[in-house]
Amino acid sequence: MTQAVKLFDITDEDRPHKGGDEFRSVQVFKCWVCGALTNKVFLGGGPSWGMRQVCPNAAACWHHELEVKLVWLAKPHPASSRQELEKELEQFRGNHKKDVKDDLRGRPDFSQKHPVTTTSTFDKNEKGDYCEHSNLQL
Ligand SMILES: [Zn+2]
Ligand SMILES: [Zn+2]
């Protein structure tokens, strides 16, 4: 059974516009960190905030660590240590393959793929603290 969900084209005038609105889009958004797909779109509280698409895994610490590794790898490295880093990254990706969750509803158009706007979010833990990654400058 497929659930009937209304998908909005993000370029259409009739899409939701109100701050705080949330809708599902025709377009598909892909996370450059973990590769997860989503078609959930949030509208920011202020008029200038625009549309945001958040990776469904953005609040997880393994995702924070993966982003740190990718940002680090993108910097210049000598060939030998680059190889090491790439190997480590592949291993890390492999370990967390099962944690990569997509969040798609309806039947979006996979030919219209864009990057998500937000790859990291931070939730407070039961003690009311953010994780160690929340003050990293990515
Ligand atoms: Zn992701
Ligand atoms: Zn974290």
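## Exercises on a predicted model

In this predicted model, 63% of the protein chain's contacts with a separation of 6 or more come from residues 24 or more positions apart. Let's work through a few tasks.

**Exercise 1. Work out which order the helices and strands of the protein chain follow along the sequence.**

Solution. Start with the inventory: the protein chain has two helices and five strands. Now read along the sequence, and you get β-β-β-β-α-α-β. For the overall dimensions, the C-alpha atoms fill a box of roughly 55 × 35 × 30 Å along the principal axes.

**Exercise 2. Decide whether D21 is buried, partly exposed or exposed, and find its contacts.**

Solution. First, locate D21: look in the loop between β1 (7-8) and β2 (22-30). Next, count the other C-beta atoms within 10 Å of D21: there are 13. A residue needs 20 or more to be buried, and 12 or fewer to be exposed. So D21 is partly exposed. Then skip the neighbours within four places in sequence, and D21 is in contact with P16 and L43. Finally, check G44: this residue is 23 residues from D21 along the chain, yet their C-alpha atoms are separated by 7.9 Å.

**Exercise 3. Find which residues form the largest nonpolar core, then see what A36 touches.**

Solution. Begin with burial: buried residues make up 19% of the 138 residues in the protein chain. The largest nonpolar core has 11 residues, among them F29, A36, L66 and V116. In soluble globular proteins, nonpolar side chains tend to be buried together. Now zoom in on A36. Not counting residues up to four places away in sequence, A36 touches C31, C55, P56, N57, V100, K101 and D102. Compare with the core list, which includes C31, C55 and V100.

Definitions and conventions
Residues are numbered from 1 along each chain as its sequence is written. Chains are lettered from A and ligands numbered from 1 in the order in which they are written. This is a predicted model: local features need pLDDT of at least 70, side-chain atom pairs count only at pLDDT 80 or more; totals for chains, interfaces and linings use all residues. Helices (H or I, at least four residues) and strands (E, at least two) are DSSP runs, numbered from the N terminus. Two residues are in contact if their C-beta atoms, placed from the backbone, lie within 7 Å. A nonpolar core is a set of buried Ala, Val, Leu, Ile, Met, Phe, Trp, Tyr and Cys residues joined through C-beta atoms within 7 Å.
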